[in-house]
Amino acid sequence: MENNLLSLIIFAPLAGAAINWFAGRRVRNERFVGVVACGAVAVSTLVAFYLAFKPDGALRSETPVFDHIWTWLQVGTFRADFALAMDRLSGTYALFVTFVGFLIHVFAVGYMRGEQGFYRFFAFLNLFMFSMLTLVLADNFVLMFVGWEGVGLCSYLLIGYYFDRREAGDAAKKAFITNRIGDWGFVLGIMLTFFVTGSVSFFANPAAGEATHTALSFFKTYPVEPFTAGAIVAGGATSIAVLLFIGAAGKSAQIPLYVWLPDAMAGPTPVSALIHAATMVTAGVYMIVRCSEIFGHAPAAMFIVAVIGAATAIFAATIGLAQNDIKKVLAYSTISQLGYMFLACGVGAFIAAIFHVITHAFFKALLFLGSGSVINGMHHEQDMRRMGGLKKYMPITFATMVTGWLAISGVPIFAGFFSKDEILWRTWSAPAFSLPSTAFSKLLWGVAAITAFLTAIYMTRMMVMTFWGEERFRDTHAHKQQEPDEHHGPVEPHESPWVMTVPLIVLAVLSTIGGFIGVPYALSAGKDINVIEHTLEPVVAKAGTTGSAAAETHATESTAPAETHTTHSSEEISAERALAGVSVLIALAGIGAGWYLFKRRPLLQMPRLLENKYYVDEIYDATLIHPIESVSREGFWKILDVGVIDGLLHSIGESVTEAGRLARYLQAGFVRGYAAIILLGALILIGLFAYLGFPNPTQ
Amino acid sequence: MEPQLSWYLALSAVLFTIGVTGVIIKRNVIAMFMCIELMLNAVNLTFVAFASFFQDVIGQLFVFIVMTVAAAEAAVGLGIIIAIFRNRESLDVDEASILKL
């Protein structure tokens, strides 16, 4: 189904960015810039909701909504269109990206008040929305990569927004370069996809004259590759999946490419909320779920995804325990939650991953915006050691952040509980498809459960340090007077204006009730109300089940997705209920432990190893960055550049100069010298003729 | 004894060599100018000698052309010499070694 409104979703923010960049910089009116930026995203949001929920909309029909804008590249059989497609998956993504993006835009109008580059900030933010929506709605890998690079660029621009601060510039470069490593894998993955399947499209759009054969449909009839290390380099589905995962790991901050995300907190807080928590960093998850058909035939790749995801989750959670910067805690928390999503993808629970992406977008955006509100109220203080007792001063921020805290900790009825519990359950019950044995799924579940416990502890620590306890901001402020631009006297925290609190309240409501879109069968008292699963089921491959049933004919598998509906056996339900009980206990135990540890002693010294992030940055510096710098400086610069390239050019130049210096003696300006040269030339000519003989014209 | 062609050619070569030598060794621009005229006339002598030897009138016609050009050249050259002299009060060519007056 073709609908040209779809392109409005991406072009409205682009128009907003252009208006703010060209007109906003001249108008210099915050109201104008803010209205344009928020209005552009609001248009996207409305169109996205309309196209998703109208009677034959993307979330209701089996066929995607297409918008073929133009044929971009066509070389031989290679064809990449500038075409958008909104199916159930990309529709779901577009909904929360636009909606959460809109709320964050509104919040940012309040947060960025009085900033020098107000128009610049919103132009970049709108450009980010354009890129992100292009990424999500793209109908082929190549256009998706355009969006992928676009969000990387906007991330770079926005992390480096305070470009007069050195650490912001460094963080921006770090983010960009680290992402480049991931993009290398993504590009190779796209190339290999085309090489193997002969197409880069996701969906066949008959209206645009596309072949029915697409990159994803190719894999429907593809045999499941063996679960061996050799499959990774065999050049088939597993190789593609691993390469794509490298790209996803860069964008979604997984081990070993996660190091850029904590540093990215140098950007303004709304940027951290929008890009580095809610939307951009989940692009990797989106990409893997989009390619679930490929991953579903590559068990070895899924195993890698699961292990990396679980390792990232627990690794980042332990670091998060010991951070003192409120935004750093949330950054490591984001990495940890992204690890959960990848773990879910790795065990074949793609829908659970998307569910967690959505609830995470709500509560993590809420927590980041809440921290932004705190930072704003504290006059740009981010160190939690200089906070404390803020609940009295910022009641709305406090109340909303409590819901975010309970949601991320996994307390029942809050959104995070359902999605996290779903992931834990799917991990526990994962088939041996992508794992060496079913015992391995218990091990992964254990890692995830410990992570959940740690999550509850560090979030409690953050809340306690910020909102409870004694007020530590007064006494510690004496030494801050050295900063000359402190535009306030004795610091007095204040609640933020309504443009900041209203988005907080909306997100708090969503963090509370957002989980009810995915209530599992076991917890819904016998009613089948798992909306998210029913919505996404037709578009996501069921890796675990197809793997065990690989011998089945693929025709039945693809024609009857409704019949393969997982039946809810009674022992499964009771196991799921027991596990849900365990995760509730874990969450409450974590909160209790955090409360017990930090309520009295909020400044409790955490292990140095954790506070210094396992010295990963230092290790990278010593093992990678420093050698590269040395080789570049001593080898490429001093020998190759200065010695060879410059040397070659300089020697050419010098030889010409030298020859000219000699020739200059001929041009002394003495008339008699010239006469002598003419004579010499004439004599040489005559001598030549005399020696060789005159040519005879008659012959 | 009848004058031979070689005699004319020898005389012409001697005159031409004197002219060349004069141009190279003389500093006075007037003297150089005279030496150039000498070279032109040495060539004229070869022209008429060959014209007479081959009984061909074209050589003599060439002499007229050379004389015409020499006259024009003399007018221009003397004009330049006078201009230089007015500016520098010197006719030494070695002093006129830069491209301005």
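Two residues are in contact if their C-beta atoms, placed from the backbone, lie within 7 Å. The model is predicted, so local features need pLDDT of at least 70 and side-chain atom pairs count only at pLDDT 80 or more, while totals for chains, interfaces and linings use all residues. Residues are numbered from 1 along each chain as its sequence is written, and chains are lettered from A and ligands numbered from 1 in the order in which they are written.

Now widen the selection. A:Ala448 is among the residues with the most contacts inside the largest nonpolar core, which has 221 residues; A:Leu137, A:Phe245, A:Ile288, A:Leu343, A:Ala353 and A:Ala365 are also listed there. A nonpolar core is a set of buried Ala, Val, Leu, Ile, Met, Phe, Trp, Tyr and Cys residues joined through C-beta atoms within 7 Å. Buried means 20 or more other C-beta atoms within 10 Å of the residue's own, exposed means 12 or fewer, and partly exposed lies in between, with C-beta atoms placed from the backbone. Helix α15 (residues 350-377) of chain A contributes the most to this core, 17 residues. Helices (H or I, at least four residues) and strands (E, at least two) are DSSP runs, numbered from the N terminus. A second, separate core of eight residues includes B:Val20, B:Val23, B:Val29 and B:Cys35.

Next, show helix α11 (residues 283-290) and helix α14 (residues 326-346) of chain A, which pack at about 10° with axes 10 Å apart. That angle makes α11(A) roughly parallel to α14(A), a term for angles under 35 degrees, with over 145 roughly antiparallel, 65 to 115 roughly perpendicular and the rest oblique. Axes are lines fitted to C-alpha atoms, for helices over the stretch in contact, and angles run from 0 to 180 degrees between N-to-C directions. A:Val285, A:Ile288 and A:Val289 in α11(A) meet A:Met341, A:Phe342 and A:Cys345 in α14(A).

Move to the loop between α8 (237-251) and α9 (260-263) of chain A, where A:Pro256 lies. The peptide bond from A:Ile255 to A:Pro256 is cis, with omega near 0°.

Finally, select A:Ile413, in the loop between α16 (395-409) and α17 (415-428) of chain A. Phi of A:Ile413 is near 70°, a positive value in a residue other than glycine. A:Ile413 is exposed, with 12 other C-beta atoms within 10 Å.
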